[in-house]
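Welcome! Please take a look at the structure below, and keep it open while you read the short briefing that goes with it.

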Amino acid sequence: MKALIIEDENPAAKQLVNILKKLNDIEVIDILDSIKSTIQWFKTNTQPDVVFMDIHIADGSAFKIFDFIEITCPIIFTTAYDEYAINAFKVNSVDYLLKPITPEAVEKAFKKINVLTGEKSTQKEISQIIKELNRIKSYKTHFLASVKGSKMVPLLADEIAFFYIDEGKVKAVTIEKKDYQLDFTLDELNTKLNPDDFFRANRQFIVSRNAIKELDTWFNGRLSVVLRIPAPERILISRTRVGEFKNWFTGQ
């Protein structure tokens, strides 16, 4: 297995190389220390089998690399900080190791790769599996909502009961009955939210499963969704989508 290291601290790079040397069939093919050198390397070389990537490197955040190139092999992030874990799993990350890195942590990371991909998987199969994992992990879990002045408030998706359109603006309403304006359309939110947790009820509303209190039958075969907190108007599911909604709600 060919490993690429992206790390701008020499002691940390040497420590990782020494750990990898003790593992069977692991060859370190290069050590890079910047966004620029990494982009250039991937443009002129074939993908390695695994990348060890520090998040803070010489010329900025390693996440900027993914704005310029696509890395399809497994990535193991290495960092002294843990607040970047969510972003790490939006790209091809299969593990997230906190410094100082230990041999045991590296071995566990390789075991995870083997479990996810199978030791006999081809690079194409590995890439496909990781893309599917990223699809699952890449749904938005946090939002920044504008409030008065230049202030912004962080919101967790789990705290939001529903999204709706109010006078052309999209707002998020929390389970605590607070509403915030967001810089998204409902169409955009519908692609960014986890479909296991949120459902596009109609053109005006996206509702959270956790916020649903009860369901009422309505005229013409429609379904009325009653939430645990007040909504600005009745939320109706069209007759043609009632089956789809029930399947979503029951997890079928």
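Here is a friendly tour of a few spots, grouped by topic. Keep in mind that this is a predicted model.

**Two residues with positive phi**
- Glu 167 is not a glycine, and yet its phi is positive, near 55°.
- To find Glu 167, look in the loop that runs between β10 (160-166) and β11 (169-174).
- Glu 167 counts as exposed because its relative accessible area is 77%, and exposed means over 50%.
- Asn 220 also has a positive phi, about 60°, without being a glycine.
- Asn 220 sits in the loop between β15 (212-217) and β16 (223-227).
- With a relative accessibility of 65%, Asn 220 is exposed.

- Asp 158, Glu 159, Glu 176, Asp 196 and Asp 197 form a negative surface patch.
- One of its members, Glu 159, is found in the loop between β9 (152-156) and β10.
- Glu 159 is partly exposed, because its relative accessible area of 33% falls between the 20% and 50% limits.

**A buried threonine in a helix**
- Thr 38 belongs to helix α2, which covers residues 35-44.
- Is Thr 38 buried or exposed? Its relative accessible area is 0%, so Thr 38 is buried, the limit being under 20%.
- A polar atom in the side chain of Thr 38 lies 2.7 Å from the backbone oxygen of Ser 34.

Conventions: Residues are numbered from 1 along each chain as its sequence is written. This is a predicted model: local features need pLDDT of at least 70, side-chain atom pairs count only at pLDDT 80 or more; totals for chains, interfaces and linings use all residues. Side-chain values use heavy atoms; hydrogens and water are left out. Helices (H or I, at least four residues) and strands (E, at least two) are DSSP runs, numbered from the N terminus. Buried means under 20% relative accessible area, exposed over 50%, partly exposed in between (1.4 Å probe, protein chains only). Patches are made of residues with over 30% relative accessible area and no salt bridge: like charges are joined within 9 Å, nonpolar side chains (Val, Leu, Ile, Met, Phe, Trp, Tyr) within 5 Å. Accessible areas come from the Shrake-Rupley method with a 1.4 Å probe; for residues, only the protein chains shown count as cover. A salt bridge is a side-chain nitrogen of Lys or Arg within 4 Å of a carboxyl oxygen of Asp or Glu. Lys and Arg count as positive and Asp and Glu as negative; His and the chain ends are not counted. The place of a charge is taken as NZ of Lys, CZ of Arg, CG of Asp or CD of Glu. A polar contact is a pair of N or O atoms within 3.5 Å; within protein, one must be able to donate a hydrogen and the other to accept it, and residues adjacent in sequence count only if both atoms are side-chain atoms.
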